[in-house]
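Have the structure open and follow along.

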Amino acid sequence: MIRRQRLMAGVCALLAALTAGLAFPASAAADETEQAAPKVELVLDVSGSMRARDIDGGSRMAAAKQAFDEVLDATPQEVRLGIRTLGANYRGNDRKEGCKDTAQLYPVGPLNRTDAKTAVATLQPTGWTPIGPALLKAADDLAGGDGTRRIVLISDGEDTCQPLDPCEVAREIAAKGIGLTIDTLGLVPDAKTRDQLSCIADATGGTYTSVQHKEQLTDRVGQLVHRAADPVVTPVATQGAANCEQAPALKSGLYSDREEFGQQRWYKVDVDPGQELRASVSVADDRAVNPDYGVLLRAVTLHGREIVRGEAAGTGRTDVVSTGLRYPKPDSDDDNAPAETVCLQVTNSFSATAGVKTTPGLPLELTVDVVDGPSGHHDVAAFGLGRGWWLLGALVLAGFVAGLLWGWLSRWRVAVWRTN
């Protein structure tokens with residue numbers, strides 16, 4: 001009888017689940033929200049210098065082809081990958097024509113590994129090194145959508161199409177606030193190539209890697225392609241104001257902005273009684289700056305009274321300076337007490353070296369978090385020990401009991417000894 005009841009209950013549950021699935025297909029589909037697919041474009045230098053045979057006994061071009069073959073085999077299915085070349089087609093000496101030599105070898109989209117490998121296999125070192133124009137075209141290739149976007153630039157020499165400075169191109173791309181990162185790899189680079197590729201990467205928050213061996217190239221490109229598939233928090237672009245009254249009101253989240261040299265930017269955050277404001281800011285020097293600099297973050301009332309501040313300084317050894325602050329607003333007995341508007345002021349003391357452009361401003365990243373504040377005695381130290389006084393009390397009690405037992409045993413042993 002019990003088995004029959006359990007069997008009937010199971011059948012009823014299965015029917016109910018199937019009925020719910022048929023009755024509410026829209027809600028089920030709504031729960032399975034698809035995230036925008038990450039996009040990556042590999043930009044490969046195919047200029048004449050790639051013929052040099054200085055990577056593990058083979059040419060730089062051969063090392064790049066081998067790396068591409070292995071990376072294409074291991075590319076995650078969700079990544080939309082494309083390939084762009086620079087200096088692959090024009091063989092002449094006309095600089096104007098050579099600086100236009102960039103083409104999309106494989107379009108950004110679902111990856112067909114056979115087609116992509118076939119396209120790469122046909123490449124032969126040919127012409128100029130138009131890095132700047134290639135980056136501009138690659139940014140257009142990745143335009144649209146909300147997913148992660150990443151350019152991986154592989155080159156063995158500096159740009160030959162000045163005055164279109166690729167560092168300035170990278171800064172312009174970063175200033176658009178489209179969340180595009182450029183990572184660079186230098187094949188057996190000299191000092192000038194290393195400086196230029198590092199500058200390009202720094203401008204967009206990317207990384208630079210110097211490559212000397214085949215395996216190193218394959219591993220690094222593979223890491224960057226896989227990194228694009230990792231979930232990331234994309235900062236929300238905002239624009240601070242010159243004063244608190246006109247500042248944008250921010251909620252908890254991650255924000256990006258640009259700040260001119262020596263400029264102040266203001267933002268506003270509402271904090272309810274019993275809540276705590278936690279804010280941090282990072283300012284990066286994406287170009288050459290003088291060695292002494294600093295960042296100041298202040299929390300100020302609407303009337304201009306400083307509540308709390310955080311500050312940090314640098315001496316040229318780091319390219320990012322970060323600081324933060326915390327402001328717990330006391331709780332109120334009035335349930336209808338209004339929120340307090342806290343003004344956040346960000347000030348930097350960076351100064352550009354001679355001949356360096358000051359626009360666009362320095363990249364700024366601001367984190368705002370409004371959480372429930374400390375709940376009274378639960379977060380307050382007791383006798384300077386915090387919650388450790390429980391452990392201290394237990395140790396004292398255990399010691400007292402152990403002392404009593406030891407004393408009783410000692411007296412018992414002495415009494416036995418005397419009797420015997």
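Thr301 touches Ile307, Glu340 and Cys343, where a contact means heavy atoms within 4.5 Å and residues up to four places away in sequence are not counted. Thr301 sits in the loop between strand 11 (293-300) and strand 12 (306-314); helices (H or I, at least four residues) and strands (E, at least two) are DSSP runs, numbered from the N terminus. At 9% relative accessibility Thr301 counts as buried, the labels being buried under 20% relative accessible area, exposed over 50% and partly exposed in between (1.4 Å probe, protein chains only).

A word on the ground rules: this is a predicted model, so local features need pLDDT of at least 70 and side-chain atom pairs count only at pLDDT 80 or more, while totals for chains, interfaces and linings use all residues. Residues are numbered from 1 along each chain as its sequence is written, and side-chain values use heavy atoms, with hydrogens and water left out.

Back to Cys343, one of the residues that Thr301 touches. A disulfide (a pair of cysteine sulfur atoms within 2.5 Å) joins Cys343 to Cys244, S to S 1.8 Å. With -70° about the S-S bond, this link is left-handed. The pair connects distant parts of the chain, 99 residues apart: Cys244 is in the loop between strand 7 (236-237) and strand 8 (253-259), and Cys343 in strand 14 (residues 340-348). Cys343 is buried at 1% relative accessible area, and Cys244 is buried at 7%.

How many disulfides does the structure hold? There are three, and they follow the pattern 1-2, 3-4, 5-6, with bonded cysteines counted along the chain. Cys99 and Cys161 form one, with sulfur atoms 2.0 Å apart. Its S-S torsion is about -105°, so the Cys99 and Cys161 disulfide is left-handed. Cys167 and Cys199 form another, their sulfur atoms 2.3 Å apart. Cys167 lies in helix 7 and Cys199 in helix 8 (residues 191-203), so this pair ties together parts that are 32 residues apart in sequence. Both of these cysteines, Cys167 and Cys199, are buried.

Now for some helices. Helix 6 (residues 131-141) is mostly covered, with eight of its 11 residues buried, among them Ile131, Leu135 and Asp141. In helix 3, the buried residues include Met61, Phe68 and Leu72, and their cover includes strand 1 (39-45) and helix 9 (214-229). By contrast, Leu405 in helix 10 (residues 388-419) is exposed, because its relative accessible area is 53%.
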